[in-house]
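I opened my notebook next to the viewer and wrote down what I looked up, entry by entry.

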Amino acid sequence: MATTTTLDSVLTGLAQDRATGSLRIGRAGTIFLTRGRVSYAECTGTPGVEELLTASGRISAGAVRKARQAATGESDPPSGGDRLVDAGVLTKGELEFCVLGATLDASYFLLGPTLATSGARPGPKPRFKDGERHWLGTHWFFDVPGLFQECRRRKARLDRAWPSSELDTQPVIPVRRIPGRHVVLSALQWEVLLGADTTATPAELARRLGRPAYSTLLAVRELGAAGLLATGADPADQAAPTQPALPKRAERSGPRAELRPGPGSDPAQPYLPQVSADPTDVKLLIRLRDALEALQ
């Protein structure tokens with residue numbers, strides 16, 4: 001295996017060696033491999049399978065704790081995931097789907113810094129422990145090159161939604177007034193806005209909601225791009241936007257036209273300008289009305 005210690009090179013070398021064990025990345029998390037393929041990943045900044053299942057109410061924390069203790073307390077026990085399936089609290093498909101989502105979620109935040117083209121800080125030295133397995137067992141496989149490709153795709157999607165990381169670690173603060181007459185939200189965006197208490201970051205909201213951290217972060221960036229979250233150096237100023245001022249009337253240097261009675265009219269009667277029924281004038285008035293209502 002290569003002697004370089006960058007995470008991508010170590011992981012690629014373990015894949016080539018068809019290694020089985022755990023690759024610990026400092027305090028950030030751990031990647032588990034089975035015969036050179038990633039079988040699970042956990043990150044301190046993302047919810048794991050057990051957190052996703054218990055937060056959503058799918059299974060109880062006691063059932064997860066019991067399965068974990070049983071899987072780690074015997075010399076060669078069935079995996080904790082198999083125990084949950086055998087107990088009937090989960091189906092095999094549900095378990096595989098949760099492992100898939102949690103692994104992709106954790107992998108993005110563990111491998112994401114290695115994908116940066118510039119300005120990335122060197123991370124902790126990865127340490128591999130041969131033969132160690134996750135208590136859930138092996139229920140899905142990911143090829144290492146495919147996993148890196150998926151992380152790049154996710155990063156590109158985040159950048160398309162909002163090309164800045166300023167919202168990624170700041171508290172989520174909804175604005176008090178929407179920048180328009182109506183908005184359309186996805187289910188997760190609605191949950192994020194309801195759960196935001198001006199103190200929780202996107203990662204903390206993900207744990208509270210029992211949602212993947214990447215999906216929550218994507219929803220936050222989309223809300224920021226739509227003008228529904230406070231952004232910038234001083235979010236408090238944007239949380240309570242002031243009423244926009246009306247444009248000032250332009251000064252005229254020449255003489256002003258005066259409304260005078262037309263020839264043949266009675267000077268004693270008040271003069272009113274003529275009203276046109278031209279559809280163009282009507283549409284202009286409607287647009288002006290809508291603009292004034294939007295300012296209220």
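**Entry 1: the whole chain**

Next I looked up burial: of the 296 residues in the protein chain, 34% are buried. For secondary structure I wrote down 11 helices and 4 strands. I also checked contacts between residues at least 6 apart in sequence, and 69% of them join residues at least 24 apart.

I looked at confidence before going into any detail. The mean pLDDT of the protein chain is 81, and 72% of the residues score at least 70. Which elements have the lowest and the highest mean pLDDT? Helix 10 (residues 235-239) has the lowest, at 42, while strand 2 (residues 29-34) has the highest, at 97. Residues 233-246 stay under 50 in pLDDT, and the model gives them 18 contacts beyond four places in sequence. Residues 252-259 are also below 50, and that stretch has 1 contact beyond near neighbours in sequence. A reminder to myself: where pLDDT is low, the predicted coordinates should not be read in detail.

**Entry 2: salt bridges**

I counted 10 salt bridges. Side chains of opposite charge can pair when their charged atoms come close, and I picked out a few pairs to look at.

I began with Arg68 and Glu50, whose side chains form a salt bridge at 3.8 Å, N to O. Arg68 sits in helix 3 (residues 61-72) and Glu50 in helix 2 (residues 49-55), so this pair ties together parts 18 residues apart in sequence.

Then I turned to Glu51 and Arg207, which form a salt bridge with their closest N and O atoms 2.5 Å apart. Because Glu51 is in helix 2 and Arg207 in helix 8 (residues 202-209), the pair ties together parts 156 residues apart in sequence. Glu51 is partly exposed at 32% relative accessibility, and Arg207 is partly exposed at 31%.

My next pair was Lys155 and Asp159, with closest N and O atoms 3.2 Å apart in their salt bridge. These two are 4 residues apart in helix 6, so about one helical turn separates Lys155 from Asp159. Lys155 is partly exposed at 32% relative accessible area, and Asp159 is partly exposed at 32%. I followed the shared partners from here: salt bridges join Lys155, Asp159, Asp168 and Arg221 into one network.

**Entry 3: Thr216**

Thr216 counts as buried because its relative accessible area is 0%. Beyond its neighbours within four places in sequence, Thr216 is in contact with Leu188, Val192, Pro202, Leu205, Ala206 and Arg211.

**Entry 4: a nonpolar patch**

Ile178, Val183, Leu185, Trp190 and Leu194 make a nonpolar surface patch of about 460 Å². I checked one member, Leu185, which lies in the loop between helix 6 (144-161) and helix 7 (187-195). Leu185 is partly exposed, with 30% relative accessible area.

**Entry 5: two positive phi values**

Last, I went through the backbone angles. Most residues other than glycine have a negative phi, and most peptide bonds are trans. Arg18 has a positive phi, near 50 degrees, although not a glycine. This residue, Arg18, lies in the loop between helix 1 (7-16) and strand 1 (21-25), and is exposed at 56% relative accessible area. Arg35 also has a positive phi, of about 50 degrees, without being a glycine. I located Arg35 in the loop between strand 2 and strand 3 (37-43). Arg35 is partly exposed, at 44% relative accessible area.

Key: Residues are numbered from 1 along each chain as its sequence is written. This is a predicted model: local features need pLDDT of at least 70, side-chain atom pairs count only at pLDDT 80 or more; totals for chains, interfaces and linings use all residues. Side-chain values use heavy atoms; hydrogens and water are left out. Patches are made of residues with over 30% relative accessible area and no salt bridge: like charges are joined within 9 Å, nonpolar side chains (Val, Leu, Ile, Met, Phe, Trp, Tyr) within 5 Å. Accessible areas come from the Shrake-Rupley method with a 1.4 Å probe; for residues, only the protein chains shown count as cover. A salt bridge is a side-chain nitrogen of Lys or Arg within 4 Å of a carboxyl oxygen of Asp or Glu. Buried means under 20% relative accessible area, exposed over 50%, partly exposed in between (1.4 Å probe, protein chains only). Contact means heavy atoms within 4.5 Å. pLDDT is the predictor's confidence in each residue, from 0 to 100.
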